[in-house]
Amino acid sequence: MRYRADIDGLRALAVIPVLFYHVGVPGFAGGFVGVDIFFVISGYLICGMIDGDIRSGSFSLGNFYKRRILRILPALFVMFLVTSILAYTYCLPVELEDFSKSLASAVGSISNIYFAGTAGYFDAPAETKPLLHTWSLGVEEQFYLIAPLLMLFAYRVLPKRAKLLFAVAAAFSFAAAFAVSYRNTTFVFYLTPFRAWELALGALLSIKFIPAPATEFRKNACGMTGMLLLLGVIFLGSSSAPLLLMTSLASIGAALVIASGEQGVSTVGRLLSLRPIVFIGLIFYSLYLWHWPLIVFQTTDALFFA
C-alpha cells in the first residue's frame, strides 16, 4: 500500500483526544473514542496489506506475524518492565496482586478479557489500573491473529464471495454489539467480537467493498463530513451517552476521512498531512503506551506522599 501522510495525521487526531480525556482536559468528554479511530485505521492498513500480498502471491503468515511482533512487542515489554518496577514501589499488596494478574493477561494479549471481568472502563477503580489501556492492544492483537487466517480461507475457498463474507462478518459483529449493549455494556466495550466491526469497516474500505469517492467535490464532501463527525463526537460526546452511538459515529467519521484520500488527497487530507500533525501521528504508539501508566503512578505518588 502507498504511504499516506493523512492517515498518520488521523492517528494524531485519535491519540490526542485520548490523552486529553485521560488527563481531564475540559472539552474532551468524548475523547475516549480515539481508540475507535485507531481500530478503523488498523483494519484499513492491515487488511489492505494482506489483501495486496495475497493477490500478488507474496503473502506469508510467518512474515506477517514476525512484522507484527517486531512492531508491537519490544516497546510494549519495555513499558511492562518499567510499570512493574513502579507497581512494586508504590502499590499496596492487594493492588500489586491485581497488577500482576493484569500484567499476565496483557503479556498473553488477553487483557481486554481480563478487564471485562474486573472493572468498567469508566468506573472509578479503573483509574488505579496502570495497564488498563492495554485492553485495546488485546483487541488488535486478537484481530491480527484471526484476520489473515480468515482472509486466506476466504480467498482460497470463496474467492468470488470473499468481500461479501467480510461484510457479513462485520454486520454480525455490529448486530451482536447492539444486542448485548442492552445487557452488558462492559462486554461490548472490551471484547473483540463486539469491536470487530470497527476493524472490519476499515478492512472493507481497503479491499474496495466500500467505494471511495472519485471526484474532487465528493472527496472533499466525504472528508469534511467525516471530520465533522469526529470533532462532534470528541467535543460533544460523553461517557454517559450510549456507547454504540459514540463508537459508531467515530468509526464512520474515521472511515469517511480515510475514504476521502483513496483517490487523491482531499482538503481534509492536506490539513492532516501538515508536518506537526504527522509527527504526532508517527509517535502515536509510544504516546499511547506510556501516557496512562504515567497518569496512574503520578496520582498514586501524590497520594502516597500526601
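**Close-up 1. The largest nonpolar core of the predicted model and the residues with the most contacts inside it.** In this predicted model, the largest nonpolar core has 88 residues, and those with the most contacts inside it are Leu-10, Leu-76, Trp-135, Met-151, Phe-166, Tyr-190 and Ile-258. Helix α2, which spans residues 34-56, gives the most to this core, contributing 11 residues.

**Close-up 2. The surroundings of Phe-166, one of the residues with the most contacts inside the core.** When neighbours within four places in sequence are left aside, Phe-166 is in contact with Leu-150, Met-151, Ala-154, Tyr-155, Leu-204 and Ile-207. Of these partners, Met-151 is itself listed with Phe-166 among the residues that have the most contacts inside the largest nonpolar core.

**Close-up 3. The aromatic pair of Phe-189 and Tyr-190.** The count of aromatic pairs comes to 18. One of them joins Phe-189 and Tyr-190 in an edge-to-face arrangement, with 5.2 Å from centre to centre and 75 degrees between the planes; the pair counts as edge-to-face because its angle is over 60 degrees. Phe-189 is buried, with a relative accessible area of 5%, and Tyr-190 is buried as well, at 0%. Both rings belong to one aromatic cluster, which is formed by Phe-39, Tyr-114, Phe-115, Trp-135, Phe-189 and Tyr-190.

**Close-up 4. Two arginines placed over aromatic rings.** Arg-195 lies over the face of Phe-189, at 4.7 Å from the ring centre, and this Phe-189 is the residue that forms an edge-to-face pair with Tyr-190. In the other example, the charged end of Arg-68 sits over the ring of Tyr-144, at 5.3 Å from the centre of that ring.

Close-up 5. A disulfide is a covalent bond between the sulfur atoms of two cysteines.

**Close-up 6. Phe-178 in helix α7.** Phe-178 has its place in helix α7, which covers residues 162-180, and at 42% relative accessibility Phe-178 counts as partly exposed. Although Phe-178 and Leu-245 are 67 residues apart in sequence, they are 9.8 Å apart in space, from C-alpha to C-alpha.

Definitions and conventions
Residues numbered from 1 in each chain as written. Predicted model: local features only at pLDDT ≥ 70, side-chain atom pairs only at ≥ 80, totals over all residues. Heavy atoms only, no water. Phe/Tyr/Trp six-rings, centres within 6.5 Å; stacked < 30°, edge-to-face > 60°. Buried < 20%, exposed > 50% of the residue type's maximum accessible area, 1.4 Å probe, protein only. Lys NZ or Arg CZ within 6 Å of the ring centre and 35° of its normal. Core = buried A, V, L, I, M, F, W, Y, C linked by side-chain atoms within 4.5 Å. Helix = DSSP H or I, 4+ residues; strand = E, 2+ residues; numbered from the N terminus. Contact = heavy atoms within 4.5 Å.
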